[in-house]
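Take a moment to look over the chain before reading on.

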Amino acid sequence: MTPRPVWSFRPWVIAMMAIAMGLSLIAVFVVIWFRFSAESRATFDWFQRLTLLAFFGAVLWILYRMATVRVSAYDDGLLIRNVFRSYRYPWTNVKGLRFSPGDPWLQLFDAEGNRLGVLAVQASEGARASHAAKELAAVARSHGAGGVSRK
């Protein structure tokens, strides 16, 4: 059984943007393909068709990953899902969180001095992101980690 997070945040703005872009891409791809005459479509060999579909699939996969970024806090640590990679930090390795005005997203500082952008908490979310950063800071402090500093 997978443990349930004690706190979780998913952005709305980037998810809606990624969904809109994905649907637009599908619509444009379909319209352009069927606007070609049958003769023009026949000039594409199987390799070219597969290449187009692979490119199309890669773009849709990136948009899917953008739409599903999130940050979740568990009793034993933090799970951060960014676009290309997910990270798991035990609370003992979380030394600080910062979301200053002008920052594009929340910054996590680990025990080794590394900085990681938490893409789920973005400035484009406005007050919702600031509220999420404060909530995550409270959760982090309650588990013995650093908090969010606002400048």
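In which strand does serine 72 lie? Serine 72 lies in strand 2. Helices (H or I, at least four residues) and strands (E, at least two) are DSSP runs, numbered from the N terminus. A word on the source: this is a predicted model, where local features need pLDDT of at least 70, side-chain atom pairs count only at pLDDT 80 or more, and totals for chains, interfaces and linings use all residues. Residues are numbered from 1 along each chain as its sequence is written, and side-chain values use heavy atoms, with hydrogens and water left out.

Is serine 72 buried or exposed? Serine 72 counts as buried because its relative accessible area is 3%. Buried means under 20% relative accessible area, exposed means over 50%, and partly exposed lies in between (1.4 Å probe, protein chains only). Which residues does serine 72 touch, leaving aside its neighbours within four places in sequence? They are Pro5, Trp7, Ser8, Gly77, Leu78 and Leu79. Contact here means heavy atoms within 4.5 Å. With serine 8, the side chain of serine 72 makes a polar contact of 3.0 Å. A polar contact is a pair of N or O atoms within 3.5 Å; within protein, one must be able to donate a hydrogen and the other to accept it, and residues adjacent in sequence count only if both atoms are side-chain atoms.

Four strands form an open sheet, ordered 1-2-3-4, with antiparallel pairing. Strand 1 (7-9) and strand 4 are the edge strands, and each pairs on one side only. Neighbouring strands of this sheet are turned by 10 degrees against each other on average, direction ignored. Two strands pair if DSSP finds at least two bridges between them. Strand 1 and strand 2 are joined by three bridges, in the antiparallel sense. Tryptophan 7 stands opposite alanine 73 in strand 2. Helix 4 (residues 127-142) packs on the sheet and touches strand 1, strand 2 and strand 3. The direction of helix 4 makes about 155 degrees with that of strand 1. Axes are lines fitted to C-alpha atoms, for helices over the stretch in contact, and angles run from 0 to 180 degrees between N-to-C directions.

Next comes helix 3. It has 22 residues (46-67), so at 1.5 Å a residue it should span 32 Å. That span is 1.5 Å times one less than the number of residues. The end C-alpha atoms of helix 3 are 31 Å apart, which agrees. Aspartate 45 caps the N-terminal end of helix 3, with a side-chain oxygen 3.1 Å from the backbone nitrogen of phenylalanine 47. Phe56, Leu63, Arg65 and Met66 of helix 3 are buried. The buried residues of this helix pack against helix 1 (13-35), strand 3 (77-81) and strand 4 (86-90).

How many salt bridges does a search of the whole structure find? It finds three. A salt bridge is a side-chain nitrogen of Lys or Arg within 4 Å of a carboxyl oxygen of Asp or Glu. Aspartate 76 meets arginine 88 in a salt bridge of 3.6 Å, N to O. This pair links distant parts of the chain: aspartate 76 is in the loop between strand 2 (70-74) and strand 3, and arginine 88 is in strand 4, 12 residues apart. Arginine 98 and aspartate 103 form another, with closest N and O atoms 3.6 Å apart. Both arginine 98 and aspartate 103 are buried. Arginine 128 pairs with glutamate 125 in a salt bridge, at 2.9 Å between the closest N and O atoms.
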